[in-house]
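Me: Could you walk me through this one? I'd like to go topic by topic.

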Amino acid sequence: MGGFFYFIFIIAGCGKMSSVPDGKKLVRSPSGLRMVPENGAFNSPFSLDEPQWVPDKECPSCMQCTKKFDFLTRKHHCRRCGRCFCDKCCSKKVTLPRMCFVDPVRQCGECSRVSQKEMEFYDKQLKVLMGGGTFIVTLGTSEKSETMMCRLSNNHRYLFLDGESHFEVELSRISSMQVLTEESTPEENGIHTYTSLLDSQYISEGGNCRASGMLLHYKPMGSQDPKQLRMEAAEDKKTASSWLAAMHKGAKLLYEARDQ
């Protein structure tokens with residue numbers, strides 16, 4: 001259970017850019033209709049770019065079953081990975097919000113399974129994150145703490161912390177994130193540790209390990225000096241634990257988007 005594991009996203013920071021309006025526009029791509037931000041800089045940190053399609057001349061046969069393409073066996077491109085498949089291997093149309101598609105789009109078997117798993121995050125965990133949780137927040141090494149409501153902004157780009165004061169952290173400017181957990185079993189109650197958001201499979205609302213807090217490292221706007229933000233569950237520990245578990249679910253998506 002011991003040790004510190006760092007989950008790296010992008011470079012880090014906080015600011016007041018959340019006040020800038022997020023306009024949307026409808027665009028048509030070879031893959032389908034997409035509703036995207038007018039300014040690309042305002043993309044959701046969970047979003048993925050459309051892949052480059054494998055050129056037709058480079059795929060004479062299905063990249064799954066190897067069946068050769070001809071007049072009767074047509075080729076189809078998976079909208080998530082961009083590879084070529086026959087109709088049998090690329091027949092499912094699945095919702096793909098990470099690429100902002102308006103309608104379900106054609107995906108290969110492997111990609112459709114991944115997209116279906118991600119829908120739990122979009123259908124459930126995002127609502128939990130935007131609903132918020134109450135935490136005791138400590139900035140830096142200060143001994144002063146404040147009880148604040150932390151929630152994800154509607155555009156998914158910021159963490160808003162509201163109490164006597166207001167604080168914002170832009171997700172794309174977080175450099176590391178750690179989750180504080182405590183054992184839920186009576187004999188081990190009170191044991192705390194930090195665990196990797198990406199590697200841990202035990203952080204859950206009802207699992208062996210219950211999330212009880214979070215430690216963020218970030219770089220504020222215009223500064224290269226890293227800062228620390230510590231959050232620990234306040235009185236409503238169940239809601240706070242659910243919120244942290246949702247952050248845990250979203251961590252892998254953030255990592256994938258950063259490394260795309």
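What follows is a chat about a predicted model.

Me: Let's start with cysteines. How many disulfides does the count come to?
Reply: The count comes to 1 disulfide. Cys 59 is joined to Cys 84, with 2.4 Å from S to S.

Me: Which parts does that pair tie together?
Reply: Cys 59 sits in the loop between E2 and E3, while Cys 84 is in strand E4, so the bond links parts that are 25 residues apart in sequence.

Me: And Cys 59 and Cys 84, buried or exposed?
Reply: Cys 59 counts as buried because its relative accessibility is 2%. Cys 84 is buried too, with a relative accessible area of 0%.

Me: What about Cys 78, how far away is the nearest cysteine sulfur?
Reply: That sulfur belongs to Cys 81 and is 3.6 Å away. A disulfide needs the two sulfurs within 2.5 Å, and Cys 78 is in no disulfide. Cys 78 has 0% relative accessibility, so it counts as buried.

Me: While we're on cysteines, is Cys 150 buried or exposed?
Reply: Buried, as the relative accessible area of Cys 150 is 1%.

Me: New topic: Arg 80. Where is it found?
Reply: Arg 80 is in the loop between strand E3 (76-77) and strand E4 (84-85).

Me: Buried or exposed, that Arg 80?
Reply: Arg 80 counts as buried, because its relative accessibility is 13% and the cut-off for buried is under 20%.

Me: Which side chains does the Arg 80 side chain make polar contacts with?
Reply: There's a polar contact of 3.0 Å between the side chains of Arg 80 and Ser 115. Another, of 2.8 Å, joins the side chains of Arg 80 and Glu 118.

Me: What else does Arg 80 touch?
Reply: Leaving out residues up to four places away in sequence, its contacts include Leu 48, Pro 51, Leu 96, Arg 98, Met 99, Gln 107, Cys 111, Val 114 and Glu 256.

Me: On to helix H1, then. How many residues does H1 have, and how far does it reach?
Reply: H1 covers residues 109-131, which is 23 residues. From its first C-alpha to its last it reaches 33 Å, close to the 33 Å expected at 1.5 Å a residue.

Me: Where is the kink in H1 centred?
Reply: On Gln 125, where H1 has a kink of about 40 degrees. Gln 125 is also among the buried residues of H1.

Me: Which other H1 residues are buried?
Reply: Among them are Cys 111, Ser 115, Glu 118, Met 119, Phe 121, Tyr 122, Leu 126 and Leu 129.

Me: What comes just after H1?
Reply: Gly 132, which takes a positive phi of about 90 degrees.

Me: What's the phi of Thr 66, and where does it lie?
Reply: Thr 66 has a positive phi of about 70 degrees although it is not a glycine. Thr 66 lies in the loop between E2 and E3, and it counts as exposed because its relative accessibility is 56%.

Me: And His 156, what's its phi?
Reply: His 156 also isn't a glycine, yet has a positive phi of about 70 degrees. It's in the loop between strand E8 (145-152) and strand E9 (158-162). His 156 is buried, because its relative accessible area is 15%.

Me: Last one: in what sense do E1 and E2 pair?
Reply: Antiparallel, over 6 bridges, with E1 at residues 24-29 and E2 at residues 32-37. A hairpin connects E1 to E2 through 2 residues, and Ser 29 stands opposite Gly 32 in E2.

Note on methods:
Residues are numbered from 1 along each chain as its sequence is written. This is a predicted model: local features need pLDDT of at least 70, side-chain atom pairs count only at pLDDT 80 or more; totals for chains, interfaces and linings use all residues. Side-chain values use heavy atoms; hydrogens and water are left out. Two strands pair if DSSP finds at least two bridges between them. Helices (H or I, at least four residues) and strands (E, at least two) are DSSP runs, numbered from the N terminus. Buried means under 20% relative accessible area, exposed over 50%, partly exposed in between (1.4 Å probe, protein chains only). A polar contact is a pair of N or O atoms within 3.5 Å; within protein, one must be able to donate a hydrogen and the other to accept it, and residues adjacent in sequence count only if both atoms are side-chain atoms. Contact means heavy atoms within 4.5 Å. The expected span of a helix is 1.5 Å times one less than its number of residues. The bend at a residue is the angle between axes fitted to the seven residues ending there and the seven starting there.
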